[in-house]
Amino acid sequence: MILAGIGAGLAAIAAGIGIGKIGGSAMDAIARQPEAASKIQTAMIIAAALIEGVALFAVVVALMKG
Amino acid sequence: MSIARESVKFIAFLTLLFSISVFSQEHHNNHSEDGSEEAFDPTEVIMHHISDSHDFHIAGNLSLPLPVILWTDNGLVTFMSSEFHHDEAGEVVVDKKGMKFVRYHDEIYYAGANGALDFDAEHHPANDRPLNFSITKNVFTLFLAAALMLLIFIPVARSYKKHQGAPRGLAGFMEPLILFVRNEIAIPNIGKKKYERYMPYLLTVFFLIWLGNLFGLIPFFPFSGTLTNDIVFTGVLAVITFLITTFSGNKQYWGHIFATPGVPKPLLLIMIPVEVLGMFTKPFALMVRLFANITAGHIVILSLFSLIFIFKTAAVAPVSIAFALFMFVLELLVAALQAYVFTLLSALFIGQAVEDHH
Amino acid sequence: MNITHPESLIFWTVLVFVILLVLLRKYAWKPILGAVKSRETSINDALAAAEEARKEMQNLKADNERILKEARAERDSLLKEAREMKEKIIADAKEEAQEQGSKIIAQAKAAIEGEKRAALAELKNQVASLSVEIAEKVVKQEFSDKDKQLELVGNMLGEVDTTLN
């Protein structure tokens, strides 16, 4: 149970870093090219969703074991 | 001024809803704990809340019994779930068509000759069980969501027939959402030529997931069941997306999987398994993402409420409720976002399958 | 977390989803998307028609201007022609008048010359006959020598001729 919690926490940290980087880069890109904001947003959400998927695998494993 | 007053009213209303759900949870705990003076087990309560169930718990001791439909060795057997009298421990035996059924942790088994369950070494029931097609809480919620969608969109479609020109009333509210799915999800990902075939699927999935997510955030009957925190439901949707993707895949798509252009022959030995695996991991991720997002949100909200019972004091309530309210509003966003992401990724996969050239 | 009786939710989800998809496709999505699409095309058509009308209007305006310009040019040319013709007529008339005038003058001169000649001839004749009469009378009365008399008369006539010329 505790180990599952630690595992989920680690996954959350990794996903947080990943999504943070995506979000930051997307903000930079939008600031540089405000007219492409909607395209960047879509790409950002897709990339974030992919990383989040990996993190959620970890959450599910933790749930299954917990 | 009026906006401020409205938002204060709205927050007060939400707080009221939360206190109702807290109270109902409290009753529920009392109920499950009566008999023994066990310590409060948040994991069990939370898991019970996010699991499927044969009864629809409304408030306190009040539950809506739902039909149990079993496909047994002797054919179809139906009865109401109230016949189990809320028993989940395999103690109440229901006798139908000469067969005995017991319920143990939401699963219905054939009872043994002595009317009891046999357990294996790992304390799991060893009895056989009939195929269970019961209208459970989640199935009930599914019916509700489907009915609501029919009730919303068919009149909306009628209103277009009645008067031409700008949409009015409900249609005016729904049209931007439908156009959003069309212009932001379908057309950019599938392409202008082919998107129309897939629009009905994308729209249905988008609104069904959204409604399913939102129902879970409404804490009172007949909502409160969450369609999308059941991995079986999200799995079925992901499988449908997978089937659509696979069956609409053109030469380009299969060529990309089995003979990736520009890759030397020996490398294909590695590439083909990876690409084939990719075909299956995509819908798998789709299934898990939706399920885990919604479930995690519910677990966090319920955990925050559980703090009150863990610390056994009402003093924690304001903190709990404040944090839970924050989570709740976040979940409102997530409800729409996850519906969007599921639809967007479905459209993306379909778009990859029908793409003409790179 | 454990998954209990997945078959119930799988069965009902597939059933409900397929029914929902079929019903909504027929009674909701197709009419809504169709209405939205036809509205979009009608708006696009209207915009295109407006653009067309604007262009036509412009064409018409250009046409009008062109016609007006042509008309103006024609009028100018007509006026110019008329002016030229007037000038020409005047010039012609002047020329003719001059010609006529000079002709008349010439005729008059010729007539005067003729008259003068006739008058002179008449005068000569009369002078001659007068002289002959005078001479006859002189000769009859005074001169015996007829040759002398005639010589004298001839001299005298020559004198008259030079004075008349």
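Modeller: Two strands are said to pair if DSSP finds at least two bridges between them. The structure discussed here is a predicted model.

Colleague: Which residue in β6(B) stands opposite B:Asp95?

Modeller: Strand β5 of chain B covers residues 94-96 and pairs with β6(B) in the antiparallel sense. The pairing extends over 3 bridges. Within β6(B), the residue opposite B:Asp95 is B:Lys100.

Colleague: Which residue is the bridge partner of B:Arg103 in β7(B)?

Modeller: Strand β7 of chain B, residues 107-110, runs antiparallel to β6(B) and is joined to it by 4 bridges. These strands form a hairpin with 2 residues between them, and B:His105 in the turn has a positive phi of about 50 degrees. In β7(B), B:Arg103 has as its bridge partner B:Ile108.

Colleague: How many of the 6 residues of strand β6 of chain B are buried?

Modeller: A residue is buried when its relative accessible area is under 20%. Strand β6 of chain B (residues 99-104) is largely enclosed by the rest of the structure, because the number of its 6 residues that are buried is 5.

Colleague: Is B:Lys97 buried or exposed?

Modeller: B:Lys97 lies in the loop between β5 and β6 of chain B, in the turn of the hairpin, where it has a positive phi of about 50 degrees. The cut-off for an exposed residue is over 50% relative accessible area. With a value of 54%, B:Lys97 is therefore exposed.

Colleague: From a polar atom of the side chain of B:Lys97, how many Å away does the backbone oxygen of B:Leu76 lie?

Modeller: Beyond its neighbours within four places in sequence, B:Lys97 is in contact with B:Asn74, B:Gly75, B:Leu76 and B:Val77. The C-alpha atom of B:Lys97 is also separated by 9.9 Å from that of B:Thr72, 25 residues apart along the chain. For the backbone oxygen of B:Leu76 and a polar atom of the B:Lys97 side chain, the distance is 3.0 Å.

Colleague: Is B:Thr226 buried or exposed?

Modeller: B:Thr226 lies in the loop between α5 and α6 of chain B. Leaving aside neighbours within four places in sequence, its contacts are B:Asn138, B:Gly212, B:Gly216, B:Ile294 and B:His298. Since its relative accessible area is 4%, B:Thr226 is buried.

Colleague: How many nonpolar residues are on the side of chain A that touches chain B?

Modeller: Here 12 residues of chain A are in contact with 17 residues of chain B. On the side of chain A that touches chain B, 2 residues are polar and 1 is charged, while the number of nonpolar residues is 9.

Colleague: Which element gives the most to the side of chain B that touches chain C?

Modeller: The interface of chain B and chain C has 4 salt bridges, including one between B:Glu175 and C:Arg39 with the closest N and O atoms 2.4 Å apart. On the chain B side, β8, α3, α4, α5 and α6 each supply at least two residues. With 12 residues, the element that gives the most is α3(B).

Colleague: What is the area buried between chain B and chain C?

Modeller: In this interface, 51 residues of chain B are in contact with 31 residues of chain C. Carbon and sulfur atoms give 79% of the buried area, which is about 3600 Å².

Conventions: Residues are numbered from 1 along each chain as its sequence is written. Chains are lettered from A and ligands numbered from 1 in the order in which they are written. This is a predicted model: local features need pLDDT of at least 70, side-chain atom pairs count only at pLDDT 80 or more; totals for chains, interfaces and linings use all residues. Side-chain values use heavy atoms; hydrogens and water are left out. Contact means heavy atoms within 4.5 Å. Ala, Val, Leu, Ile, Met, Phe, Trp, Tyr, Cys and Pro count as nonpolar, Asp, Glu, Lys and Arg as charged, and the others, Gly among them, as polar. Buried means under 20% relative accessible area, exposed over 50%, partly exposed in between (1.4 Å probe, protein chains only). Buried area is the accessible area (1.4 Å probe) that two parts lose on being put together, summed over both. A salt bridge is a side-chain nitrogen of Lys or Arg within 4 Å of a carboxyl oxygen of Asp or Glu. A polar contact is a pair of N or O atoms within 3.5 Å; within protein, one must be able to donate a hydrogen and the other to accept it, and residues adjacent in sequence count only if both atoms are side-chain atoms.
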